[in-house]
Structure formats: structure tokens, C-alpha cells
Amino acid sequence: MPNTMVTLNYYKCSPGLCGNGSCAAAPACPLHIIKQEEPFDFPMANPSNCRGCAKCVAACPYRAISLS
Ligand code: SF4
Ligand code: SF4
């Protein structure tokens, strides 16, 4: 069975609307799969090690993250 894959939807993601441009989902991931290089940058995800815990999904206020 394939791993759960985290996906960022850049149509919904709005780093400028998150606190001080900081992605709330990035620090919520215990595996550091979601990274934001600088405030106001779009976060990036390397889903290969995602465990599907959905902490990032719960942390994002704009529903920009989904699991599949
Ligand atoms: S993924 Fe969610 S929490 Fe992170 S910058 Fe985008 S909208 Fe904000
Ligand atoms: S589902 Fe869990 S492991 Fe996967 S990116 Fe989100 S917080 Fe990290």
C-alpha cells in the first residue's frame, strides 16, 4: 500500500495571511516534511516520508493542505 501523500494547494495557500507570513503548518509537522525557507514564501513539502498524521492539515487555517 502506498504511503499517504501530503499535498499543498497553492491556490488556497496564503502565507501573507498567516501570522507574520509564517506558515503554521511547517512547525506542526513532527517530521519536518513541510518547510518554509523565509517568511511569506510558499511552503514546500517533500512527501516521501509523510506518515499521514494530519497535524499539518489541522494547523493550516486556509485548508491548503490535503492528504491522499
Ligand atoms: S500551508 Fe496553510 S498555514 Fe502554511 S502558509 Fe499556506 S495557508 Fe498558511
Ligand atoms: S501528515 Fe503529518 S507527517 Fe505528513 S506532512 Fe503533515 S504533519 Fe507531517
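## Terms and model

Ala, Val, Leu, Ile, Met, Phe, Trp, Tyr, Cys and Pro count here as nonpolar; Asp, Glu, Lys and Arg count as charged; the others, Gly among them, count as polar. This is a predicted model, in which local features need pLDDT of at least 70 and side-chain atom pairs count only at pLDDT 80 or more, while totals for chains, interfaces and linings use all residues. Residues are numbered from 1 along each chain as its sequence is written, chains are lettered from A and ligands numbered from 1 in the order in which they are written, and side-chain values use heavy atoms, with hydrogens and water left out.

Ligand 1 is surrounded by 13 residues. A residue counts as near a molecule or strand if one of its heavy atoms lies within 4 Å of it. The closest are Cys13, Cys18, Cys23, Ala24 and Cys60. By class, this shell has twelve nonpolar residues, one polar and no charged.

The space that ligand 1 takes is the largest cavity. A cavity is a set of points, on a 1 Å grid over the protein atoms alone, where a 1.4 Å probe fits but cannot get out; lining residues have an atom within 4 Å of a point. A molecule sits in a cavity if more than half of its atoms lie within 2 Å of its grid points. The structure holds one cavity of 30 Å³ or more. The volume of the largest cavity is about 100 Å³. Grid points are joined across faces, edges and corners, and a volume is the space filled by probe spheres set on the points.

The largest cavity is lined by 14 residues, and those closest to its centre are Cys13, Cys18, Cys23, Pro43 and Cys60. Its lining divides into 13 nonpolar residues, one polar and no charged. Cys23 is buried, because its relative accessible area is 12%. Buried means under 20% relative accessible area, exposed over 50%, and partly exposed in between, with a 1.4 Å probe and protein chains only.

## Ligand 2

Around ligand 2 there are 13 residues, the closest being Cys29, Cys50, Cys53, Ala54 and Cys56. The shell has ten nonpolar residues, one polar and two charged.

Cys29 has a relative accessible area of 9%, so it is buried. Cys50 has 11% and is therefore buried. Cys29 is in the loop between β1 (6-8) and β2 (34-35). Helices (H or I, at least four residues) and strands (E, at least two) are DSSP runs, numbered from the N terminus. Cys29 and Leu67 are 38 residues apart along the chain, and their C-alpha atoms are separated by 13 Å.

How many disulfides does the structure hold? The count is zero. The cut-off for a disulfide is a pair of cysteine sulfur atoms within 2.5 Å.

## Loop residues

Asn20 lies in the loop between β1 and β2. Its phi is near 55 degrees, a positive value in a residue other than glycine. Asn20 is exposed, because its relative accessible area is 69%. Gly21 is also placed in the loop between β1 and β2. Gly21 has a relative accessible area of 0%, so it is buried. Between Gly21 and Gln36, 15 residues apart in sequence, the C-alpha distance is 9.9 Å.

Arg63 is in the loop between α1 (55-59) and β4 (65-67). Arg63 is not a glycine, yet its phi is positive, at about 50 degrees. Its relative accessibility is 69%, so Arg63 counts as exposed.

Key:
1 Å grid on protein atoms, 1.4 Å probe; cavity = no way out; pocket = protein on both sides within 12 Å on 5 of 7 lines; lining within 4 Å.
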